[in-house]
Amino acid sequence: MTMRSILSGLKETNAKYRMFHAMTEDSDPGDAKFLFSAKDNLTSADMETCSGSKILVGYRPPFDAESIAKMRAAGGKLIGKCNMDEFGFGTFSTNSGLEIPRNPYDLERACGGSSGGSACAAAVFEGHVSLGVSTGGSICCPASFCGVYGIAPTYGRVSRYGLIDYGNSLDKIGVISADAKDLRKYTHIIAGKDAKDPTSCAQPEFKDTGRKLKSVAIPKEGVEGLSKDVEKAFFEAVERLRSMGVDVESIDMPSLKYAMPAYYVLATSEASTNLARYVGMRYGQQEGDHSLKFDDYFSYFRSKYFGDEAKRRILLGTYTRMAGFRDRYYAKALKVRQVVIKDYKRAFETHDAVLAPTMPFSAPRFDDISGMSALDSYKADYLTVPANIAGTPHISVPCGYGSDGMPIGMQFVADHWDEEVLFDAAEEWEKGFEMRKPEVGA
Amino acid sequence: MKIGLEIHVQLPTKSKMFCSCPTTDAPAPNTHVCPTCLGMPGSRPVLNRKVLEYGIMLAKMLGCKVADTTWFSRKTYFYPDMSKSVQITQYDNPIGEGGVYYLNGKKPIRITRIHVEEDPGKTKRVGDLSSLIDYNRSGIPLAEIVTEPDISTPAEAREFLGQLIEDIRHVIALPGDGERSIRCDCNISVGKERCEVKNVTGLKNVERALTFEMIRQTKILKAGGKIDRETRRFDEERGVTISVRKKEFEADYGYIDEPDLGIYHLKEMADAIKIKESPQKMALRLAHEYGIDQKAAKQLVTTSVGLAETFEAVAKELGVQNAVKWVSGPVSAGWKAMEARGGSPDDVVPIIRRFVAGEITDTECALEIKCAMTGESAESVKGASGDLDKIIGEFLDQNPAIIADYAKNEKAANKAIGFVMKQSGGRFSSAEVVEAVRKDIESRM
C-alpha cells in the first residue's frame with residue numbers, strides 16, 4: 001500500500017472498519033513523509049474534534065494539539081481522527097456517541113478501548129502510526145485486541161496541550177503501530193518539554209543506555225482470572241522470553257488489587273470536573289430553548305448530549321469529591337496511588353520490567369459486550385490500571401493468538417522515564433515473532 | 001455583633017493568571033481572550049509566577065505564615081461567566097495562613113488565610129430574558145483575604161477596609177480605583193446565626209450593606225424571631241440586602257487538586273521577597289520613634305509615603321523640630337504641586353540644612369522650599385505670596401474679631417480662609433492659604 005493508495009481508498013476502508021470519525025479529503029499525500037492518524041480527543045485545527053461525544057459535534061478547535069503539531073512538523077500527514085469511547089470512558093470503544101470501530105480480525109468484535117480507532121487504523125493501514133491516549137489502559141488494551149504494538153509513555157513525557165481531558169493526572173499520549181520500531185521513533189518525536197503543559201517540564205532526557213531487558217517480574221496478582229486462550233498464549237510467550245535469555249521471576253504485588261478502585265475514584269473525580277465545561281454555550285453543539293434559566297438549559301443540554309457512561313462517571317466522580325465523602329474516597333485514592341508506586345519501585349530494584357498479560361481475555365464480540373454490566377467492563381481493566389495510576393511507562397506487544405485466531409498481548413511496565421528498556425524489549429521480541437496480519441480488504 | 005470579611009483584590013500583573021492575555025482595559029468585550037481563559041477543550045493553565053510573588057507579599061504584609069509548599073484546587077460550579085465551570089483556586093495549603101492586622105495600630109483583626117485564584121468573566125443583563133457574557137476579566141488573578149469575625153461594627157469594617165486597601169496599594173503597587181476596585185463578601189451575625197452578603201463593591205457599600213443587615217437582624221431578634229443562615233446580595237440602588245439562597249441549598253464545590261499545575265515550593269521565593277513597610281505601620285513607627293502625635297504622622301503618610309520618608313530623613317539628620325517645622329509645613333503644602341509637575345523632593349533637604357547652619361533666614365528658607373516644590377521662580381512666588389499676604393492682611397484688618405475668636409477656637413480662622421480662597425480664585429493651594437492665614441493671625445495675637 002502506498003500513501004496514495006491508502007488515501008484514495010480511505011473512505012471505503014473506513015466504511016468497513018469505522019476507525020475514523022473525521023478524515024482527510026486529500027487523495028494526494030503531497031510531500032508528506034508518512035501518514036498518521038490521531039485519537040479524536042487530540043485537537044486538530046483542520047478537522048472536527050469530538051472526543052467521541054455528541055456534545056462536541058461541529059467543534060473545530062482553534063489550535064493543534066502539541067503532539068499532532070510535532071507529527072506534522074516531522075513530515076507527517078494527518079489522515080483521520082480515530083473513533084473512541086466518549087471522552088475515553090470505556091474498554092471497548094462501544095461507549096461512543098459517534099461510530100464504533102470494528103476489529104480488523106473479526107468485524108463482529110470490538111477493537112478495545114478507548115483508543116479503539118487508533119489501534120484499528122494501525123492494524124489495517126500498512127506503515128501507519130496512530131496517536132492514542134491512555135488514562136487507565138486505553139492504549140495497551142486496544143493494541144492487544146488489534147494485534148499491534150502500543151506504548152503509553154511515562155506521565156508527563158508527552159505534552160498534553162490540546163488533549164481533551166479525561167483525568168489530567170492520569171492522561172498520557174502514546175503511539176500505536178504494527179511495527180515495534182515505530183514506537184521508539186515516534187515517541188521521540190512527540191515527547192519533550194512544552195511550556196504550554198507544565199506537567200511535561202519535569203522530564204529528563206531519554207536514557208539510551210543500550211541496556212537490554214535482562215529480567216522481568218510477573219506479579220502473581222497479574223495472572224489471575226485469565227481466559228484459557230490468554231493464559232496459554234502468555235505462558236508460551238514467557239517461555240520464549242526465557243529462551244531469549246531473560247530471567248523471569250514470580251513476585252507478590254499486593255497493592256495491585258487496590259489500584260482499580262483508587263483509579264476509578266481519581267479518574268471520575270477529575271473527569272466530572274473536566275466535563276463541567278460542556279454546557280452548550282461556547283463550542284460544539286448549541287441548540288435548545290434559550291429562554292430557559294441558564295441552569296435549566298445546562299441540564300437539558302447535558303442530559304440530551306452526554307452518553308450514559310459519561311453521565312455515570314460524572315455522578316460517580318461528583319459523589320467521590322463531595323463534602324463529607326472527599327476524605328473517604330478522593331483523598332484516600334491519592335494515598336493508594338503512592339502505595340502502588342512504591343510497590344512498583346520495589347519491583348524495579350531487582351527487575352527491569354514487570355510483565356503480565358495486557359487484558360484477561362481477547363477481543364470480545366459486540367453481542368457479549370452488550371450483556372456486560374458497567375462493573376464487568378471496569379474489572380476488565382485490572383491489568384492495565386496499576387501502571388496507569390502509577391504513571392509508569394508500559395508497552396503492549398502481540399504475544400500470540402487464541403484458538404479463535406484473535407490476537408493476544410502482553411504488557412511490560414518499566415520505571416518512570418525508562419521507556420528505552422521497553423522499546424528494546426519490543427524490538428527484540430519482534431525479531432522472529434510470527435505476526436499474523438489481519439486480512440484487509442475494503 | 002461579629003463581622004468577618006472575605007476581601008477580593010485584583011493583583012496588578014501584566015498578563016492573566018494562567019495565560020498571556022493582557023489585563024489592561026480591553027477595547028471591546030471578549031477581545032482579551034484566548035483558548036485558556038475561554039476554557040476551550042484541550043487548553044491548559046500555565047501559572048504566572050508574578051501571582052505567587054504578589055501573594056507572598058500580601059501574606060507577609062498581613063503577618064501570615066507563608067506556606068512552604070502550596071498548590072491549586074478546582075472549585076466546581078455552574079455559572080455562564082465561569083468558562084470552565086471550574087475555578088482554579090486554593091483550598092488546602094493556601095499561600096498564607098494565620099496572620100493579624102492591627103486596625104489603627106491597636107485593635108487586632110485576625111487573618112484566617114490568604115489565597116490566590118482566578119476571576120470569572122462578567123455577566124451583563126440586557127433586558128429581562130437575556131444576558132451577555134464578557135470573558136475579558138476571566139483569568140485575571142485575585143487574592144482573597146479572609147478575616148476572622150473580629151470586626152465589631154459596620155463603621156469599623158469600613159475603616160479596616162480603608163486602611164487595608166491603602167496598605168495593599170502601597171505594598172504591591174496597585175493602581176488607582178476603577179476596574180480594580182475591591183469586592184467583598186461580608187459575614188455578619190448579630191445573634192448566633194450568621195448571614196453572608198456576597199460580592200459588595202466599594203468601601204461605602206460595605207458599610208451600607210452591613211448596616212442594613214445589622215438593623216434587619218436586630219429587628220428580627222427583638223421581635224423574637226430567628227435568623228436563618230443564608231446567602232444574601234446587596235442591592236446598591238435601594239440599599240437593601242436580598243436573600244439568594246438558604247443554607248441547605250449552599251453549593252458543595254467538590255474541591256479536588258488541580259492536576260494540571262504542580263506543587264510549588266515557596267520557601268526560597270518567600271525568603272527572597274522583602275516587602276515595603278505599609279503606610280499604617282510607617283505612621284505608627286514615625287509617631288513612636290520621633291514622638292510626634294499619631295494624627296500628624298498619619299497626615300504625613302496619607303499625603304504621601306514619599307513625604308513621610310522626607311520627614312524621616314530630615315528628622316534623622318537635622319532633628320525632629322526642623323522636620324515638623326519644614327516638612328509638615330511648607331514641604332507638605334507644596335507636595336501635590338510637586339507631584340503634579342513630576343518633581344522630586346530631593347532639593348529641600350539641602351535648603352533646610354542651610355537654614356540649620358544659619359546661612360539663610362526663616363523667611364528665605366520658606367521661600368526657597370516653596371520654589372523647590374512648585375518649580376516657580378523666587379520672584380513670582382514672592383510676588384504671589386505678597387498678593388496673598390496682602391489679601392489676608394486687609395481682610396483681618398477689617399475683621400479684628402477673628403483674632404480674639406481664634407484664641408478660643410482655631411476654627412475661627414476658617415472664615416478668613418474661605419474668604420481668601422474665594423478672593424484669590426484658586427491661585428493658591430488650600431494648604432498655602434491655611435498656613436498664611438494662621439501665620440498672620442498668630443502674629444497679631
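Predicted model: local features only at pLDDT ≥ 70, side-chain atom pairs only at ≥ 80, totals over all residues.
Mentor: Local features here need pLDDT of at least 70, side-chain atom pairs count only at pLDDT 80 or more, and totals for chains, interfaces and linings use all residues. Residues are numbered from 1 along each chain as its sequence is written, with chains lettered from A and ligands numbered from 1 in written order.

Trainee: How do you know that E4(B) and E5(B) pair?

Mentor: Strands are DSSP runs of E, at least two residues, and helices runs of H or I, at least four, numbered from the N terminus. Two strands pair if DSSP finds at least two bridges between them; E4 (residues 73-76) and E5 of chain B have four, so they pair, running antiparallel. Arg74(B), for one, stands opposite Ile88(B).

Trainee: Why are E5 and E15 of chain B said to stand at the edges?

Mentor: The open sheet runs E5-E4-E15. E5 (86-89) and E15 (256-257) of chain B each have a single partner strand, so one side of each is left without a neighbour in the sheet.

Trainee: Where is the kink in H11(A) centred?

Mentor: On Ala333(A), with a bend of about 30°, the angle between axes fitted to the seven residues ending there and the seven starting there.
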